[in-house]
Amino acid sequence: MKAFIFPVVISSVIFMALNCFAESGQKDLSRNAVNHPHLIAANRLLQAMQFRESAKRQYQAEVAGIMGKLQQSNPNLPGRAFDILDEEFELVMPKVVDAMTIITRGLYQERFSVTELNTIAEFYETQTGQKTLQQLQIISSIGSEQGKAIGNHFGQEAASRAIQRIRKEGLELSGRGG
C-alpha cells in the first residue's frame, strides 16, 4: 500500500499545478484580448524559441526522474504499474505544455514591449539565433551539473569546518535538543 502513496501525491501535485496554471491562463487570455499585438509578438517569440518543444522535453525529463526515483524506492512494484503511470503522465503532458506556454508568454509580455519581443524573435529566427538556443540548452545542462559538483565540494568543505568548530566548542553532535 505504501508503494502507491507516492504516485497519488504526484498526481495531486500535478492536478493542483494545472488548476493554478488554468486560473493564470484565464487572466492571461483576458489581458491578451485587449493587447492583441503584444500577444502576437509574444507568440512569435515562443515559436522562434521552439518553446513548446523545449517544454515537452523538460516535462519528459522530469517525469523520467520521478519514475526513476519511484522505481528505486519501490523495487517490488509491478512493471505494469509503471506503464500505467507513464501512460497517465503522457496524457496530461499537452495540458502541462499548454499551461507552461501561457505562463511563459505572460512573463515575456510583462517584461518586454511589442517592439522588443519582435526584435528578440527576429534574432532567434536567424541561423545564429537557432544555434544560440541549441547551445544555451547544452551550456545550461553542463553548467547545472558543474554547479552541483562545485556546490557539493564547497558544501562538504563548509560542513567539515563546521563539525571541527562544533567539536572544538564542546557541543554535542548526536542530538538537536538543547
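At what angle do H2 and H5 pack, and how far apart are their axes? In this predicted model, H2 and H5 pack at an angle of about 20°, and their axes lie 8 Å apart. Angles under 35 degrees count as roughly parallel, and H2 and H5 are therefore described as roughly parallel to each other.

**The H2 and H5 pair**

- The crossing in which H2 passes H5 is left-handed.
- On the H2 side, the contact is made by Pro37, His38, Ala41, Ala42, Arg44, Leu45 and Ala48, while H5 contributes Val114, Leu117, Asn118, Ile120, Ala121, Glu122 and Tyr124.

**The buried side of H5**

- Within helix H5, which covers residues 114-124, Leu117, Ala121 and Tyr124 are buried.

**The H2 and H4 pair**

- The axes of H2 and H4 come within 9 Å and cross at roughly 115°, and H2 passes H4 in a right-handed crossing.
- The residues that make this contact are His38, Leu39, Ala42, Asn43, Leu45 and Leu46 of H2, together with Thr101, Thr104, Arg105, Tyr108 and Gln109 of H4.

**Helix H6 and the residue after it**

- Helix H6 has 42 residues (residues 127-168), which at 1.5 Å a residue should span 62 Å, and because its end C-alpha atoms are 60 Å apart, the separation in the model agrees with that expectation.
- Just after H6, Gly170 takes a positive phi of about 75°.

**The chain as a whole**

- The secondary structure of the protein chain comes to 6 helices and 0 strands, and the pattern read along the sequence is α-α-α-α-α-α.
- Of the 178 residues in the protein chain, 25% are buried.
- When contacts between residues at least 6 apart in sequence are considered, 80% of them join residues at least 24 apart.

Key
Residues numbered from 1 in each chain as written. Predicted model: local features only at pLDDT ≥ 70, side-chain atom pairs only at ≥ 80, totals over all residues. Heavy atoms only, no water. Helix = DSSP H or I, 4+ residues; strand = E, 2+ residues; numbered from the N terminus. Expected span 1.5 Å × (residues − 1). Buried < 20%, exposed > 50% of the residue type's maximum accessible area, 1.4 Å probe, protein only. Axes fitted to C-alpha atoms, helices over the stretch in contact; angles between N-to-C directions. Parallel < 35°, antiparallel > 145°, perpendicular 65-115°, else oblique. Left-handed = near helix turned anticlockwise from the far one by under 90°. Contact = heavy atoms within 4.5 Å.
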